Amino acid sequence: MIIQPKTRGFICTTAHPEGCAKQVERQIKYVKEQKGISGPRNVLVIGASTGYGLASRIVSAFGAGAATIGVYFDKPAEGARTASAGWYNSAAFEASAQEAGLKSYSIVGDAFSDEIKTKTIDLIKSELGQVDLVVYSVASPRRTHPKTGETFSSVIKPLGGVYTNKTVNFHTGEVSQATIEPATEDELRQTIAVMGGEDWEMWIDAMEQAGVLAEGATTVAYSYIGPEITHAVYREGTIGAAKNHLEATAKTLNDRLDSKGGRAFVSVNKALVTQSSSAIPVVPLYISALYKIMKEKGLHEGCIEQMYRLFSERLYGEGSAPVDEKGLIRVDDWEMKPDIQAEVAKVWEQLTTDNVYELSDLEGYRREFFQLFGFETDGVDYEADTNPDVAMPGLR
Ligand code: NAD
């Protein structure tokens, strides 16, 4: 079939297998061109199919030569429906990993469930014995609690008061005001249950109990802080409260793992175009302004550059991993440079529908958004008949 992008609201409901494969190849190539990392041997990535989790898996395999298990929630093609981008990304990753002689396996299903945890632990036992790095990179709008059966939904809302700021429809370039009502207590509770640290801790508990976590193992989850302009809706809003919970969980886990030489971290990463971040109001416009400035200064990074720097300089660099006063790893350090933030703030004041393409990299944002689904990628013939059915080499 001829596969074209189909958008509904801010999501794209189709994906292109060859385009996704090209995006994965590009990331693998980048990592292979860098210095090798003396890092983990056996890695579990939970949320491994797109964004930061996919990049973590690629760096583990092609930077450190590790065997990897990826857990993710993606669908294969069915009838006239293409597979999701994460499926095609993972299939391309696994084909390349296996070609390079690296063990790689996929578990597809709900990471929040007991069933998927048990299945993953059984796979670790049978194929790897133990893992020495667990990356937790799940971003989801919903979670069903495995013990109580309650289904929580996360919301992106401010706390305490109404928030109004500029936002953009990145398909049309229209800049408008977004006004978001504050969250209720229950929405806050549910968002923390979805995006906080409870599930991460459940994974580590289950793995410790089953004896599949190696002595001295490391675990890392990802967070975001960002600029003043998004604080009310992000860091000081419902998602920020969930991230506070995640960061507190890192402390608890670190105290526990420390006695066996292990470590737990939260790494604060840069704002990037991913399926998750494109759903947050205000953030796509901020990212567009940020991209233009960071590209001009030669400091721009994507997921793969961020994760390579995290692994090579922080998690597996010389000496202990450098952290800030709150114990967080900061690979958002370039984004948060005072001169960059001052320039973003200046541009922010001026942004309107009339000048958004000139003052920000909205076109770059839009293109990267479609590239997440394998579209607008150089070297792919989008008019060619394409088979949407792609097998997953390491599927268990
Ligand atoms: P993403 O949407 O690209 O990836 C999310 C991953 O989670 C996918 O692999 C998806 O399959 C998986 N997933 C979702 N629900 C699942 C479930 N129930 N079971 C198993 N897998 C599931 O997201 P991302 O932007 O890479 O975010 C990953 C982490 O990085 C999040 O904690 C996010 O807050 C953080 N982060 C993102 C940014 C950013 O700008 N994108 C910045 C800093 C930190």
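In this predicted model, the lining of the second largest pocket draws at least two residues from each of four helices, namely α1 (17–33), α2 (51–64), α10 (303–315) and α13 (362–371). The space in this pocket amounts to about 440 Å³, and among the 19 residues that line it, Gln-23, Arg-26, Gln-27, Glu-368 and Gln-371 are the closest to its centre. Sorted by class, the lining of the second largest pocket comprises seven nonpolar, eight polar and four charged residues.

The ligand, for its part, is surrounded by 28 residues, of which Ser-49, Ala-111, Lys-243, Thr-274 and Ser-276 are the closest. Helix α2 and strand β11 (213–223) each contribute at least two residues to this shell, and the shell is made up of twelve nonpolar, twelve polar and four charged residues.

| Residue | Protein atom | Ligand atom | Distance |
|---|---|---|---|
| Ser-49 | side-chain N or O | oxygen | 2.7 Å |
| Ala-111 | backbone N or O | nitrogen | 2.8 Å |
| Leu-272 | backbone N or O | oxygen | 2.8 Å |

Taken alone, the ligand would expose 840 Å², and the protein buries 92% of that area.

As for annotation, an unreviewed UniProt entry places the feature "domain: Trans-2-enoyl-CoA reductase-like NAD(P)H binding" at residues 2–78.

Technical notes: Residues are numbered from 1 along each chain as its sequence is written. This is a predicted model: local features need pLDDT of at least 70, side-chain atom pairs count only at pLDDT 80 or more; totals for chains, interfaces and linings use all residues. Side-chain values use heavy atoms; hydrogens and water are left out. UniProt positions are given in the numbering used here, feature names are shortened, and annotations may be inferred rather than shown by experiment. On a 1 Å grid over the protein atoms alone, a cavity is a set of points where a 1.4 Å probe fits but cannot get out, and a pocket is an open set with protein on both sides within 12 Å along at least five of seven lines; lining residues have an atom within 4 Å of a point. Grid points are joined across faces, edges and corners, and a volume is the space filled by probe spheres set on the points. Ala, Val, Leu, Ile, Met, Phe, Trp, Tyr, Cys and Pro count as nonpolar, Asp, Glu, Lys and Arg as charged, and the others, Gly among them, as polar. A residue is near a molecule or strand if one of its heavy atoms lies within 4 Å of it. A polar contact is a pair of N or O atoms within 3.5 Å; within protein, one must be able to donate a hydrogen and the other to accept it, and residues adjacent in sequence count only if both atoms are side-chain atoms. Accessible areas come from the Shrake-Rupley method with a 1.4 Å probe; for residues, only the protein chains shown count as cover.
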